[in-house]
Amino acid sequence: MWIGWIEFDILLGDVHSLKEKRSVIRPLIAELSRRTEAAVAEVGAQDLHRRAVLGVSVVAAYASHVRDVLDQADRLLAEQHPEITVLSARQGLHSSED
């Protein structure tokens, strides 16, 4: 079994309140979850209105599938959402035998 994750530090565009932040982040989480079939959550910076940390995690039988899903999530944020800026992305991959 392989377990992989990627954590995105995101700068939001023209957002001035936590309510506006939620209106950007919720659809983004839903789209990431739907298109990658991975678990997605806001995992940090909940109290900052222009920043968000999103985590995506995947469990699969093959490491190559985990990498493909995480790369797909990375491309989705970078290429299809000009309203956000991905400041950094940290990734990890572990085997259940580690």
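User: What share of the accessible surface of the protein chain belongs to carbon and sulfur atoms?
Analyst: This is a predicted model, and every value is computed from it. The accessible surface comes to about 5900 Å². The part that belongs to carbon and sulfur atoms is 50%.

User: What radius of gyration does the protein chain have, against that of a compact globule?
Analyst: The C-alpha trace spans about 45 × 25 × 20 Å along its principal axes. For 98 residues, a compact globule would have a radius of gyration near 13 Å. The value for the protein chain agrees with that: 14 Å.

User: Which pattern does the protein chain follow along the sequence?
Analyst: The secondary structure comes to two helices and four strands. Of the contacts with a separation of 6 or more, 72% are between residues 24 or more positions apart. Read along the sequence, the pattern is β-α-β-β-α-β.

User: Which element gives the most residues to the largest nonpolar core?
Analyst: That core has 23 residues, and those touching the most other members are Phe8, Ile10, Leu32, Leu54, Val56 and Leu77. At least two residues each come from strand S1 (2-12), helix H1 (18-36), strand S3 (51-60) and helix H2 (63-80). With six residues, the element that gives the most is H2.

User: Why do the buried residues of H2 line one face of the helix?
Analyst: Buried in H2 are Ala63, Val66, Val69, Leu70, Ala73, Leu76 and Leu77. Seen down the helix axis, these residues line one face because they fall within an arc of 160°. On the other side, Ala78 and Glu79 are exposed.

User: Which elements do the buried residues of H2 pack against?
Analyst: H2 has 18 residues and reaches 25 Å from its first C-alpha to its last, close to the 26 Å expected at 1.5 Å a residue. In soluble globular proteins, nonpolar side chains tend to be buried together. The packing partners of the buried residues of H2 are S1, H1, S3 and strand S4 (84-95).

Definitions and conventions:
Residues are numbered from 1 along each chain as its sequence is written. This is a predicted model: local features need pLDDT of at least 70, side-chain atom pairs count only at pLDDT 80 or more; totals for chains, interfaces and linings use all residues. Side-chain values use heavy atoms; hydrogens and water are left out. A nonpolar core is a set of buried Ala, Val, Leu, Ile, Met, Phe, Trp, Tyr and Cys residues joined through side-chain atoms within 4.5 Å. Buried means under 20% relative accessible area, exposed over 50%, partly exposed in between (1.4 Å probe, protein chains only). The expected span of a helix is 1.5 Å times one less than its number of residues. The arc is that of the directions from the helix axis to the C-beta atoms. Contact means heavy atoms within 4.5 Å. The radius of gyration is taken over C-alpha atoms; the globule rule is 2.2 Å times the number of residues to the power 0.38. Accessible areas come from the Shrake-Rupley method with a 1.4 Å probe; for residues, only the protein chains shown count as cover.
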